[in-house]
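User: I have a model open and would like to go through it. Can you help me read it?

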Amino acid sequence: MVVELEQRNNNQPPPKNQNTIKTFINHSSNFGEMSEFKIALKHSIPIVLGYLPVSMAFGVIAANYIGSNSVLMSALVFAGASQFAALQLFILSSSAIFIVFTTFLINLRHILMSSFLNTYHKNLGKLKKVAIAFGITDETFAIASNGLKDLTRDLESSNAPNTSNTSNASKESKASFSPFKYQFTLNSVSYLSWVSGTFLGFVAGSMIPEEILNVLPFTLTALFLYLLVINISEKRDVGVALIAGAISVMLAGIAIGWNIFIATLVACFVGSEIERKIGG
Amino acid sequence: MDQIEVTLVILGMAAVTYLPRVLPFFTKIDVQRYIFLKFIPVAIFSSLAMPDLMGVEGVHVSRMVAAVIAVVVAYKTRRMFLTVFMAVFILYLIEKLEVF
């Protein structure tokens, strides 16, 4: 799997536009050549690589305790941390109410992610919002928040220079990029890998050698680290990241899911207070 | 708990997981007015990644080494695949060779 990843990495087609190759995401946001579908498909590869081993592990373990309900859980809940927690509670014969309530607490953090992503999707119709909301996870948020930022910024910058015929050009290219198509494709591919991974784990047990299965989930950690680094643009971002990381680590053992929620809120609050004091 | 009950619990889990995901898309509050929104990605990425590298009991040395390399590669090259690949590959080597 790891070798495969390297080959895929090397097999990237040579960049046609030298200006847009700074990051993979920037490189991909070449609208003339690639549709939202293809861009999202490429962006989803790290998620798929991270999801498959984790969901397979979930399927392997869950099959012993809740049978085919393990696949149902992945298909309906689609939230990794809470699924493992719920499985643990099923094994411990916890009450139904407690399992549901714990799930709610763990997944409450998505409220922050949906709030943020809604800034890109606020003009969508109800059905489309309902559809993409289902697929908001830590990982799809991570990729989409960054991908949408780059894709919309590229649009603005590519529209900015030619002031003579701005209105027509900007209308055309604005219409040519659909945040919905991008988000929906990204969510769908991630979802399919999560559910099919669970199914594979459920029916076939562990087929990947354990030593590889053990390190592949680190894909997701590395993905978060990459996104953290490229999102830091000023000193106060570093401060916000340090505060969030410290609180998250301290609370991780106590309250799964909540550590992320509380850490994010406190760090964002401190960041905005600093900004207000010294001026943004 | 029999399997029917498990299925019912899963339906409950699905409902309470979906609500926080969908409600912000329909809120009337203009979230962009709140200044702290712009810090959300940095704060979330950090709070997601850090517990994988250390716990209250200490640092996971092999993952921390891989993470430091990932951060350096990300900062220098700003390439996602290279970063992710290097991190996983280094971690694999460290665990395979039992460096720590």
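Analyst: One term to begin with: a contact means heavy atoms within 4.5 Å. Also keep in mind that this is a predicted model.

User: Ok. What does Ile40(B) touch, leaving out residues up to four places away in sequence?

Analyst: Ile40(B) touches Leu112(A), Phe116(A), Phe141(A), Thr264(A) and Cys268(A).

User: And which residues touch the most other members of the largest nonpolar core?

Analyst: Leu117(A), Phe141(A), Tyr182(A) and Ile40(B) do. That core has 75 residues.

User: Which helix gives the most to this core?

Analyst: Helix H14 of chain A, residues 218-231, with 11 residues.

User: Where does the core lie relative to the domains of chain A?

Analyst: Domain 1 (31-215) and domain 2 (232-280) of chain A both contribute residues, so the core lies between them.

User: What other core lies apart from it?

Analyst: One of 18 residues, and its members include Ile66(A), Ala79(A), Val100(A) and Val6(B).

User: Switching to the surface. Which residues make the nonpolar patch?

Analyst: Val59(B), Val61(B), Phe89(B), Leu93(B), Leu97(B), Val99(B) and Phe100(B) make a patch of about 640 Å². Helix H4 of chain B, residues 80-97, gives the most to the patch, with 3 residues.

User: Where is Val61(B) placed?

Analyst: Val61(B) is in helix H3 of chain B, which covers residues 61-77.

User: Why does Val61(B) count as partly exposed?

Analyst: Because its relative accessibility is 42%, and partly exposed is the class between under 20% (buried) and over 50% (exposed).

User: Now the chains as a whole. How many helices and strands does chain B have?

Analyst: Chain B has 4 helices and 2 strands. Read from the N terminus, the order is α-α-β-β-α-α.

User: What about contacts between residues at least 24 apart?

Analyst: Take the contacts in chain A between residues at least 6 apart in sequence: 74% of them join residues at least 24 apart. For chain B, contacts with a separation of 6 or more include 30% from residues 24 or more positions apart.

Conventions. Residues are numbered from 1 along each chain as its sequence is written. Chains are lettered from A and ligands numbered from 1 in the order in which they are written. This is a predicted model: local features need pLDDT of at least 70, side-chain atom pairs count only at pLDDT 80 or more; totals for chains, interfaces and linings use all residues. Side-chain values use heavy atoms; hydrogens and water are left out. Patches are made of residues with over 30% relative accessible area and no salt bridge: like charges are joined within 9 Å, nonpolar side chains (Val, Leu, Ile, Met, Phe, Trp, Tyr) within 5 Å. Accessible areas come from the Shrake-Rupley method with a 1.4 Å probe; for residues, only the protein chains shown count as cover. A salt bridge is a side-chain nitrogen of Lys or Arg within 4 Å of a carboxyl oxygen of Asp or Glu. Buried means under 20% relative accessible area, exposed over 50%, partly exposed in between (1.4 Å probe, protein chains only). A nonpolar core is a set of buried Ala, Val, Leu, Ile, Met, Phe, Trp, Tyr and Cys residues joined through side-chain atoms within 4.5 Å. Domain bounds come from an automatic or database domain assignment.
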